[in-house]
Amino acid sequence: MTRRPLVAGNWKMNGLRGSLAEIKAMDAAYDDALRGRAELIVCPPATLIALARDIAAGGGIGLGGQDCHAAPSGAHTGDISAEMLKDAGASYVIVGHSERRSDHGETDADVQAKAAAALRAGLTPIICVGETRAEREAGEALSVVGAQIDGSLPADAPRHIVVAYEPVWAIGTGLTPTVDDVAEMHAFARERIEARLGGGKSADIRILYGGSVKPSNARELMSVPNVDGALVGGASLSAKDFIGIANAYR
Ligand code: PEP
C-alpha cells in the first residue's frame, strides 16, 4: 500500500488571467524535494485551465476542473464535459462539492454519474462527501457520509479515484473538526469505501481532508491516520499559503 499524498487547490469561482501568476509561483516552488513527497494540483475556473497548462507543462503542478456534466457533449448550455476538461489540460475533476450539492441541488446519483463521466474521459474524479453542522450535532455524521459514499462512488470505480471528506460546516469558516473526529471519519470512510468497491481497493484510494486547511494547521491535519492529503479552498488562491500547506509533507 503506497498512497502518494495529494494536495489539491479549489479556486471555486475566483481567478482572472492575472491570477495565473499564482499558478506560476506554485509551479516554481514545487521543487524536486516536494515532488518526491506529494502530488500538487490546482483546480482553477475552467476558463483558465488551458492557459494554466501552458505554465505548468513541465510535469510540475497538475490541473483539475471543479465540476463536469455527465454527458460527453450535447445540448446542455453552460455546462462543461469531462472530455472538454481533459482536452483543456486537466487530469482531475472535483465532483459533488458541497457547494454544487447545495447551489445546484446535485444528488448522490448525479455525483456518481459525473464521477463515471470523469473516468470515461480519462480524468481522476475527486468525489466530495461531508456532513452539515446540524447532521454532526444530531450524531449523524458517519451515517450521512456513509450514505454519500454508497451513492456517489461508481460501483466499479478503480483504485485511483480520490475521495475528499469535507465537513460542510468547516468549509470557508475557519472551523475544523478535532483530530479525533477526523481520524474517526477517515477510518470509517476507508471501511465504507471497501464495502462499496471491494477487492482491497480502499487501501490504495486517497482520502483527502478539506475544510479550512491553512499553513498553520496543515501539519497536524495531514498527520492524522488515513488522511492522504488536503482539498484546499481559500488558502489555495495564494501560492505562498498553498505551498505552505503542501510543505507539511516536505
Ligand atoms: C473547499 O471549498 O473545498 C474548501 C475546503 O474550502 P476552504 O479551504 O476555504 O475551507
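This is a predicted model: local features need pLDDT of at least 70, side-chain atom pairs count only at pLDDT 80 or more; totals for chains, interfaces and linings use all residues.
A residue is called buried when its relative accessible area is under 20%, exposed when over 50%, and partly exposed in between (1.4 Å probe, protein chains only). By that rule V227 is buried, with a relative accessible area of 7%. Residues are numbered from 1 along each chain as its sequence is written, and side-chain values use heavy atoms, with hydrogens and water left out.

- Helices (H or I, at least four residues) and strands (E, at least two) are DSSP runs, numbered from the N terminus.
- Two strands pair if DSSP finds at least two bridges between them.
- Strand 2 (residues 39-43) and strand 3 (residues 62-65) run parallel and are joined by two bridges. V42 has L63 of strand 3 as its bridge partner.
- Strands of a sheet pair through backbone hydrogen bonds, either parallel or antiparallel.

**Strand 5**

- Strand 5 covers residues 124-129, and six of its six residues are buried.
- Both of its faces are covered. T124, I126 and C128 lie on one side, with P125, I127 and V129 on the other.
- Four bridges tie strand 5 to strand 4 (residues 92-95), and the two run parallel. Here I127 stands opposite V95.
- Four bridges also join strand 5 to strand 6, again in parallel. On this side the bridge partner of I127 is V163.

- Contact means heavy atoms within 4.5 Å.

**Buried and exposed helix faces**

- Helix 1 (residues 20-29) has L20, I23, M26 and D27 buried. Seen down the axis, these buried residues fall within an arc of 110°, so they line one face of helix 1. The arc is that of the directions from the helix axis to the C-beta atoms.
- K24 and A28 are exposed, on the face of helix 1 turned away from its buried side.
- Strand 2, helix 3 (46-55) and helix 11 are what the buried residues of helix 1 pack against.
- In helix 10 (215-222), the buried residues are N217, A218, L221 and M222. They fall within an arc of 125° seen down the axis, so they line one face of helix 10.
- S216, R219 and E220 are exposed, on the face of helix 10 turned away from its buried side.
- The cover over the buried residues of helix 10 includes helix 9, strand 7, strand 8 and helix 11.
- Helix 11 buries A239, F242, I243, I245 and A246. Their arc is within 155°, so they line one face of helix 11.
- Partners packed against by the buried residues of helix 11 include strand 1, helix 1, helix 2 (32-35) and helix 10.

**Loops**

- V227 sits in the loop between helix 10 and strand 8. Leaving out residues up to four places away in sequence, V227 touches V182, H186, I207, Y209, L221, M222 and Y249.
- V227 and M185 are 42 residues apart in sequence, yet 9.8 Å apart in space, C-alpha to C-alpha.
- K12 lies in the loop between strand 1 and helix 1. Its phi is near 50°, a positive value in a residue other than glycine.
- S212 lies in the loop between strand 7 and helix 10. Its phi is near 55°, also positive in a residue other than glycine. S212 is buried, with a relative accessible area of 14%.
- Most residues other than glycine have a negative phi.

**Charges over rings**

- A charge sits over a ring if NZ of Lys or CZ of Arg is within 6 Å of the ring centre and within 35 degrees of the ring normal.
- The charged end of R35 sits over the ring of Y30, 5.4 Å from its centre.
- For R133, the ring is that of W169, with the charged end 4.6 Å from the centre.
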